[in-house]
Amino acid sequence: MAKPGYGKRTAPGQQPRGKGDFDHLLPRDAAIAGYLDRLPDGSDISVKTLARTTAYGQCALRTSLNRIQAAGHLRRGQEKVTSGAGTELWVTRTFFSRTARGDEWWAAFTRGDVPPENSPSPQTRSRAVVLLAALSRTEPSLFLSGAECARLAPLVEEWFARGAGAEAVRTALTAGLPSPVHSPAALLHRRLVDKMPPPVPVRPVVPEGQAVRRVRLLECSECRVPGRPEALPGGLCRGCAEASVRPPVLLDSPGVRGRADEIRAAIGLPPRERTPV
């Protein structure tokens, strides 16, 4: 098991475990994914620990984990938590999903807005829309239409992305209302813009802590740089993704061979004989 607050975290809303869950993966990757799937939450699934508890070496494990991530079963990132003393901290998380997920699903999960599986309606209401629509239950003067909720929802989602909880957003929108409220949508838009909390730091500190309130950032599996899920398709940043498909540099060129002969001549060695191609 990992230290408290770290280790594996199971993604929500997965399909029941079945025999062919990982048949689409290569045999070694499928075996490792099945092993990870059966580990309890909080297990240490770092490469070094897996190398001690499985039959595979660190290099093979790192390659397989990257392929499992590219297939949509794994994401690594950082999550904002609140310690017992009330201090906000950042901890490393590794999220695993038995059910393969696309980049859009992982982005929604990172925002805390995950649509239910097999939803009959493609227009699933987000957490931001639900919060806005529910304001009129306690403040009748803040009644909003469906179109107004949809227009304001991106601002509320940005609050969530910056670490604000639903209660903090609700308080900011309902405290000290004027009487009467002539335009609820205009008032709420003004408050959402003016009271927007500061953005989440790009390079956070990662000490220990216990999760109370979730704010997540994913990170590139190669260079470990944190970022928004939309900037990490397949779990890789743009630079690492381009490097993985970049053609190798060919050193066997006339210029290189000529320079090598000059260096050999300078140190008293004869030119190297080469077979014509």
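R98 and D37 pair up in a salt bridge, with their closest N and O atoms 3.0 Å apart. R98 sits in the loop between β3 (88-96) and α4, while D37 belongs to helix α1, so this is a link between distant parts of the chain, 61 residues apart. Keep in mind that you're looking at a predicted model. Here's a quick tour, starting with the charged pairs.

**Salt bridges**

- Across the whole structure, a search turns up seven salt bridges.
- Both partners of the R98 and D37 pair are buried.
- D103 and R75 also meet through their side chains in a salt bridge, at 2.7 Å from N to O.
- Since D103 lies in helix α4 and R75 in strand β2 (residues 74-82), their pairing ties together parts that are 28 residues apart in sequence.
- D103 is partly exposed, at a relative accessible area of 33%, whereas R75 counts as buried at 3%.
- R17 comes into the picture too: salt bridges with shared partners join R17, D37 and R98 into one network.

**D29 and its partner R67**

- D29 has its place in helix α1, which covers residues 27-38.
- The side chains of D29 and R67 form a salt bridge, 2.6 Å from N to O.
- That pair bridges distant stretches of the chain, with D29 in helix α1 and R67 in helix α3 (residues 58-70), 38 residues apart.
- Is D29 buried or exposed? It's buried, because its relative accessible area is 2%, below the 20% cut-off.
- R67 is partly exposed, with 33% relative accessible area.
- Setting aside residues up to four places away in sequence, D29 touches S64, R67 and I68.

**Q14 in its loop**

- Look for Q14 in the loop between β1 (8-10) and α1.
- Q14 counts as buried because its relative accessibility of 18% falls under the 20% limit.
- A polar atom of the Q14 side chain lies 2.8 Å from the backbone oxygen of A11.
- Which residues does Q14 contact, leaving aside its neighbours within four places in sequence? They are F96, S97, R98, T99 and R101.
- One of those contacts, R98, is also the salt-bridge partner of D37.

**Helix α4 and what follows**

- Helix α4 runs over residues 103-111, and its buried residues are W105, W106, A107, A108, F109 and T110.
- D103, the partner of R75, is in this helix as well.

- L173 is part of helix α7, which spans residues 166-174.
- With a relative accessibility of 0%, L173 counts as buried.
- Not counting residues up to four places away in sequence, L173 touches L131, L132, L135, L142, L188, R191 and L192.
- L192, one of these, is 19 residues from L173 in sequence, and the two are 7.4 Å apart in space from C-alpha to C-alpha.

- I263, I267 and L269 make a nonpolar surface patch of about 280 Å².
- L269 is found in the segment after α10 (254-266).

**How confident is the prediction?**

- The protein's pLDDT averages 79, and 79% of the residues score at least 70.
- Residues 118-124 stay under 50 in pLDDT, and the model gives them four contacts beyond four places in sequence.
- Residues 208-213 are also below 50, and this stretch has 27 contacts in the model beyond near neighbours in sequence.

Methods:
Residues are numbered from 1 along each chain as its sequence is written. This is a predicted model: local features need pLDDT of at least 70, side-chain atom pairs count only at pLDDT 80 or more; totals for chains, interfaces and linings use all residues. Side-chain values use heavy atoms; hydrogens and water are left out. pLDDT is the predictor's confidence in each residue, from 0 to 100. Contact means heavy atoms within 4.5 Å. Patches are made of residues with over 30% relative accessible area and no salt bridge: like charges are joined within 9 Å, nonpolar side chains (Val, Leu, Ile, Met, Phe, Trp, Tyr) within 5 Å. Accessible areas come from the Shrake-Rupley method with a 1.4 Å probe; for residues, only the protein chains shown count as cover. A salt bridge is a side-chain nitrogen of Lys or Arg within 4 Å of a carboxyl oxygen of Asp or Glu. Helices (H or I, at least four residues) and strands (E, at least two) are DSSP runs, numbered from the N terminus. Buried means under 20% relative accessible area, exposed over 50%, partly exposed in between (1.4 Å probe, protein chains only). A polar contact is a pair of N or O atoms within 3.5 Å; within protein, one must be able to donate a hydrogen and the other to accept it, and residues adjacent in sequence count only if both atoms are side-chain atoms.
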